[in-house]
Amino acid sequence: MSATEFFMKQDVFIDYLNHEIRVTSIREDDMHSFMSTFLSSIVGDVVGLAPVYGSKCRLTHIAIASMTKVLFITLPSTAKGKARRKQKKGPSVSSLQAFLKNSAIVKCAFEMDVLASSLFFDFKYRICKGKDLLSLGTPTNSRDSLEARYAALSDGESKKFKKHAADALFLNKEGNHHKPEKVALQAWAACCAASQPKTAESLLKLPSIDTDEFDAPTLGMIAKNIRDMKMLISLKPNRMKHELELQSIKGGELRALSRRYKTKVSRLEGSRVVVVTARKGGEDSTRILHSVDVKGRSVKLPIGKGLQVNDIRCVETVGQESLSALEESRSRIMLLMLQKDISHSGHPFVEKIWLPSNKPDWSAVPKVFSTPSIYFPSQRQLNASQKKAVRCILSEREADRLVLIHGPPGTGKTTVIAAAVTSTITKSHETATLWLISQSNVAVKNIAEKLAAVNFLDFKIIVSQNYHFEWHEHQYVKIKENVITSDILAEDTTLAARMLNGSRVILCTLAMLSNARLKEIIRCVPLQTVIFDEASQIEVGDYFPMLVTFRPTLRKLVFIGDDKQYRMPIPVGDFISQHVYKGLLKSQHAQSDPSCCRFINNAREVQVAIKIAHTLVELGKSFRIITPYDPQRALLEAGLKDAKLPWKDKCFNVDAFQGNEDDFIIISVVRTKKLGFLNDLRRLNVMLTRCKKGLVICTNRAFITGVASETLVGKLCQHLGDSSWIEERQFMRV
């Protein structure tokens, strides 16, 4: 048994500034030896909890606090923990699990939903009487905000705590700190907040999180959704360097234009700031901005006086962006499910997708309107498989309430959608509605253009103003009259009906459905049949908000995707199928030679990538360059430009290239020591699956075969073997 102890004093709560707290750091296996002393320190049956999350957002430590003591517990890896318990004498049931299930003790935490789900996801531990302190805030406060934490600390009075100390404690959010004293203080702050009179009274009314009351499949579904979301959120960058066209400085205000949508300056929320770095008189200086004025591409930055345009060296936003409306909605729904304020029980669509062993009951779901025949006024006739797909979409059978349509590239998926639309609006009930949804604005726009191509114009496409104005207006020229931007969405039903002008077909992204301003449009055109294009590109948990919010009107869901791929050469496609899609993705391609994929071992990725591009241009081949980092993308683009090679729309960040492809793809990995983005399977999958004829990966061999050997890129290297490697010196001589 090993334990370390230290004492700390807190600086958050004014009434406890000289309060001394003893912190004991122990392993979970030794917890039983300290429980008696800790339990005797609990006052009012309330404790605070705080987590530490490690690689892949796995729970690695947990702090448990009373008002005078904190246990900082190191949790084992699942495999090691099970092995050690078998060898070691001690309680057969984990002392931590026994404590968590003790219904006499109220456990409070900021983000208790994430902690409770992680306990089950990582260790199969359950918790009783868990209270989420962020649920004490007002509905106007995002649970992701510092304001929500202030509300939990205040007991109704802002003078109860020091704001700057709270900022320092929570600025990086719970779970991201690894220092025991910081995590211990978060747990103690949770205990102290919950012990205040008004807060304690509010907690009595707040629903508990009792995961012991859930069956394993349901709790597993919730925990998996929360973990997936946490991993995606954790991958958001904490620093964004902006590519700006600097114009002028007038009255201490820097005016500029954002060059790229991906690296544009956005309005500041939460703790995010813009940092402007300048050099004047040979010395660097920084100016921190807490507000900016953004309209489309135009940016106004209040940098103050004393600088000229030529002095500006760098403009970047520091701090992780706030949760999107979709992420906020998904997070709140998972919390409400854990608090049993809402339930999946009796929701046949949820059960059909996440709990397939349950037999769905469709009796409470509105009937699907009958559509007796297909109507598709196009010179291009539907083939047999397309007709079958359309009939499934139009079918009123309960077996067809949820339809999955496989459609490889070039098989006419968009045509099938168009035929379902024209048939429904022309042949079905006059109140029947259709919503056409995709993850990307480009995919939604493509569907709209297909409808227009068959002379069906009775639809509306709703687009985010941030995406449309001054950035992508040119994409919507053909369907300009059908576009409604989010900034002009009507705020009452009469105006919404006038705006829709009778249209019963609505197109938008899945994220747009979480926009609060959409409610009057939805009141006029309720979600009945919803068709999802490129369904495999949507993270499955992102469907939850739509399914829960629009449950009363949903009649039918149609998911259109692909279980075959025709894009990638067979060696790459087979590898991706095996390591990402469990062997379910089938490859059909003319290229089967493993030499279609090459690794180039080098330390000068930009120069090597430019050399490859030069070779491809000379051969008349089409190519794109992908990298995970925007600064590297800018260097690659500048390199192409300096080499007088085609450079516009040639270099992309991985996320910006999703949904695109080219004959030859050049990848600049950048990483040589730490894994970074290589931990993100989804982004790696996008990066490796864009080529139609060939793939060249510029990287460091020692890194890929060593530290990164278990990543998707490392496994691709192993799959192709040593013959796939080319040394930089060999290549650069060619």
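The second largest pocket has a volume of about 390 Å³. A pocket here is an open set of points on a 1 Å grid over the protein atoms alone, with protein on both sides within 12 Å along at least five of seven lines. Volume is the space filled by probe spheres set on the points, which are joined across faces, edges and corners. This is a predicted model: local features need pLDDT of at least 70, side-chain atom pairs count only at pLDDT 80 or more, and totals for chains, interfaces and linings use all residues. Residues are numbered from 1 along each chain as its sequence is written, and side-chain values use heavy atoms, with hydrogens and water left out.

The lining of this pocket has 14 residues; K241, H242, E243, L244 and R259 lie nearest the centre. Lining residues have an atom within 4 Å of a point. Elements giving two or more residues are β9 (244–250), β15 (312–318) and α21 (630–642). The largest share, 4 residues, comes from β15. Helices (H or I, at least four residues) and strands (E, at least two) are DSSP runs, numbered from the N terminus.

The model also has 1 cavity of 30 Å³ or more. In a cavity a 1.4 Å probe fits but cannot get out. The largest cavity has a volume of about 130 Å³. Its lining has 13 residues, with V368, F369, T371, T424 and T529 nearest the centre.

Rings of Phe, Tyr and Trp (its six-membered ring) pair if their centres lie within 6.5 Å; planes under 30 degrees apart are stacked, over 60 edge-to-face, the rest tilted. F38 and F99 have ring centres 6.2 Å apart and planes at 70 degrees, so they are edge-to-face. F38 lies in helix α1 (residues 35–40) and F99 in helix α3 (residues 95–100), 61 residues apart. Ring pairs also link F13, Y16 and W188 into a cluster.
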